[in-house]
Amino acid sequence: MNHLRCERHICTRSNKSGNYLLERSAANKWTEAFPIGNGRLGGVVYGGIQREQIQLNEDSIWYGGPRDNDNRSAQAELPNIKSLLLQGNVRKAEKLVLKHMTNVPQYFNPYQTLGNLFLDFDTDNEAHTVKRYCRELNLDQGMVQVDYETGNEAKEGALPTKATDEGQQDDITYSREIFASAADQVLVIRMTTTAEAGLTFAAKLDRRPFNGQVVQTADMQAIAMQGQLGADGVRYAVVLRAVIEGGQCQTAGNYMDIRQARAVTLIVAAQTSFRCVDAYAVAWQQAKQAAKVSFDTLKQRHLADYKPLFNRVTLNLEAEEGAELEQPLPSAQCLSTSERLARYRQGAPDNGLEALFYQYGRYLLLASSRPGTLPANLQGIWNDSYTPPWESDYHLNINLQMNYWLAETGNLAECHMPLFDFIERLVIKGRQTARNIYGARGFVAHTSSNMWADTGIYGEYVSANMWPMGGAWLALHMWEHYGYNGSLSFLRERAYPVLKEASLFFLDFLLELPSGQLVTVPSLSPENSYRSEQGEVGALCYGPSMDSQILYALFTACIRASELLQQDVEGHTEQWLQEEKQLIQQWQQVRSQLPQPQIGRHGQIMEWAVDYEEVELGHRHISQLFALHPGEQIIPHRSPDLGRAAKFTLQRRLANGGGHTGWSQAWIANFWSRLDEGDQAHQSLRRLLSKAVHPNLFGDHPPFQIDANFGGAAAIHEMLLQSHGDEIRLLPALPHAWPRGKVTGLRARGGFTIAITWEAGKLQQAQITSTLGKPCIIYSEIPLAFSMNRTCRGDDEHNDDHMEEQVPDRCKGKSSTTVDVTKPTPHTYQLNIPLGATVTVSLA
């Protein structure tokens, strides 16, 4: 490798970022292999010596086709089901839901692996010894590199001789560089060796036991496999093309046979009829075009696309100067990732590993979600099974949402786009489901969905499936995107129509109780159960707390969005303005009738409308704290009683075994961060890394689910920067374990990009750059001082459609030390930062 000498006790690096996963042996299992991806097309690289295996994925490899299978008997039974739940007859209501409301059939088909690329090398390991093996996933380059040497091994204890020196000169180096190019939409595998004519191997595409038709080419430089994913499913095609330097290449049967080459570049392209009328023709053309250019050009195109995105954020969590570890080592970076994990799990600190986990989350999001792709599913895009757990679907009761908590904060707003595309497809299907099942306007989506954006009630797991809030929660992601980038065109054309349609469903669906409160029914608190006042154990209920909290956020977003768009009066008719004002009044009225977060008899935030007895005190879902995170209803310094109750809720869950899944521990870390409990948040992060990640740092449910990666990375951001509640907080939950550090490129709501440096656990300085020219409100109980780095000419210019928060080139001007600062309330500072200008914040 160009920057790493991978020996057991020697480690020299010119790259100091620490953004890499490193191993000194090939992967023995899938969760040890390193993932690559371009958002749509991905692979998991094992790094084998005799056999290299690259397990392949393409995001639209879903078995089966779309269905219209809403249960048409639902509407007739819905009044009876509501009545039973209000009476406390839970079991009977749940039986009716299974029979009359779940889809027919009850399950949809899974996301599947595309198959494997196998490279079988002609090697003689009895005559040669492999030395200096190194397998690395370089996050800075988005690339896997494998290097090793073979040669005659000197006997232990033997003195150097001329012969042994000459023998070492005969050692042969083998190198591979593997990446998924978004620029060229292919996987690229480059193999080189120092031995003349040293590469001889057979390559084949395999999808056993569901292999498709193998196709060979007349020029003997490529093979392909194509087939169909079920009788009504999409057609797929995967193409493998070789570019060899020296040697020979020919195809035979299922194989591509390459002999005595000095260098080989393999190109893998794949497509399905989900996007292409002729998947084979498109994949073939992509592989052919990529093969026409040099490897260096392919690599440069990949880096030119990838690095500007990944490099937007840097994070350095330095250990305290002079601190001594119980088991000191020359350098933690000299250890393999598995060795670092082992030490970490024994209690050794490794701030670099925690920073790596954050950047790994950003890498995985870039690799599994790019504009034009499907959104990241339960496993991102990486799945080695034909029957994965939970169909590797889109789980809408937290998992899909958690996948995207990192997108805006981590300065990867482009990666959010596939989710918005998916939501707009959910709206189309969800209108039908709202009408078919509930006789309601608007759109609804339940707990799970698939590539076809199905919105019905799937599965027989009653405590999960009968939850009509998935679409509403997802719609809030579009409002979040507007909050960060301020694009009125996005709000007008994409976000607001979705928010409005989600609200219309609930205007029809909500039921008014004798108390005057409006509640959802039937619904549930995701995957949890309770004991009713009649003594029945069940999940279905009316008015679960999470539903009311999501609806409070939804109606608030609708009100604010409509008010903003009404200010943009151009093109609006008087009738439209009048209708919007009436809608706002209706939303305000309905919002006022929603149940507010309540404190129960134990001092906890109540999970249900009634303070029921909990059946599983340590349940993995903590849905009643949505108002704390990602919601904004509970902000502890504004509502301290609710903040204390939220803290007790977490303590009670954890005391009874909560947080036992990877994604749950990640959510808990976010909760602690919102409560300003930095050490508790860090402890949850440690638990996540110690107990719920695989050797390749994939999150573990168990089994592998990628939401733990994204949720854990989002928690690290929340520890360093928060911007909810219309205010920014710097280092709000900084743990003692991170006494010194620096982060750059983080984004905050309102259109700000922020860099923070801290020493001895205290803010040294923060630089806040305005990308929208909006007022900046900072909350701090410690006095702050401010200075302007520069002013900006042309501040009145504004581009509604900019998606990347960058300082415009026009923002140049004279330095200034004065900042327009007011204090509207205690502990808050309002700064008027011109568009493109940067303010430096420090302790007063």
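Q: How many residues of the protein count as buried, and what does buried mean?
A: Buried means under 20% relative accessible area, exposed means over 50%, and partly exposed lies in between, using a 1.4 Å probe and protein chains only. Of the 844 residues of the protein, 62% count as buried. This is a predicted model, in which local features need pLDDT of at least 70 and side-chain atom pairs count only at pLDDT 80 or more, while totals for chains, interfaces and linings use all residues. Residues are numbered from 1 along each chain as its sequence is written, and side-chain values use heavy atoms, with hydrogens and water left out.

Q: How many helices and strands does the protein have?
A: Helices (H or I, at least four residues) and strands (E, at least two) are DSSP runs, numbered from the N terminus. The protein has 19 helices and 34 strands.

Q: Among contacts between residues at least 6 apart in sequence, what percentage join residues at least 24 apart?
A: Contact means heavy atoms within 4.5 Å. For the protein, the figure is 72%.

Q: Where is leucine 365 found, and which residues does leucine 365 touch?
A: Leucine 365 is in helix α7. Its relative accessible area is 0%, so leucine 365 is buried. Not counting residues up to four places away in sequence, leucine 365 touches Asn403, Tyr404, Leu406, Ala407, Leu412, Cys415 and Phe710. Leucine 365 and phenylalanine 710 are 345 residues apart along the chain, yet their C-alpha atoms are separated by 7.7 Å.

Q: How are two packed helices described?
A: Two packed helices are described by the angle between their axes and the distance between the axes. Axes are lines fitted to C-alpha atoms, for helices over the stretch in contact, and angles run from 0 to 180 degrees between N-to-C directions. Take helix α1 (residues 74–87) and helix α2 (residues 90–100): their axes come within 9 Å and cross at roughly 165°. The crossing angle therefore makes α1 roughly antiparallel to α2. The cut-offs are under 35 degrees for roughly parallel, over 145 for roughly antiparallel, 65 to 115 for roughly perpendicular, and oblique for the rest.

Q: What is the handedness of the crossing of α1 and α2, and which residues make the contact?
A: A crossing is left-handed if the near helix is turned anticlockwise from the far one by less than a right angle, and right-handed if clockwise. For α1 and α2 the crossing is left-handed. On the α1 side the contact is made by Ala74, Glu77, Asn80, Ile81, Leu84 and Leu85, and on the α2 side by Val90, Lys92, Ala93, Leu96, Val97 and His100. By class, these residues divide into eight nonpolar, two polar and two charged. Ala, Val, Leu, Ile, Met, Phe, Trp, Tyr, Cys and Pro count as nonpolar, Asp, Glu, Lys and Arg as charged, and the others, Gly among them, as polar.

Q: At what angle do helix α16 and helix α17 cross, and which residues meet?
A: The axes of α16 (residues 640–655) and α17 (residues 662–674) come within 10 Å and cross at roughly 150°. This makes α16 roughly antiparallel to α17. The crossing of α16 past α17 is left-handed. Lys647, Leu650, Gln651 and Leu654 in α16 meet Ile668, Phe671 and Trp672 in α17. The contact has five nonpolar residues, one polar and one charged.

Q: Is aspartate 350 buried or exposed, and which side chain does its own side chain contact?
A: A polar contact is a pair of N or O atoms within 3.5 Å; within protein, one must be able to donate a hydrogen and the other to accept it, and residues adjacent in sequence count only if both atoms are side-chain atoms. Aspartate 350 lies in the loop between α6 (337–345) and α7 (351–368). Its relative accessibility is 6%, so aspartate 350 counts as buried. The side chain of aspartate 350 makes a polar contact of 2.9 Å with the side chain of arginine 340.

Q: Which peptide bonds are cis?
A: One joins arginine 208 and proline 209, with omega about 5°. Proline 209 is in the loop between β10 (199–206) and β11 (213–216). Another runs from valine 521 to proline 522, with omega near 0°.
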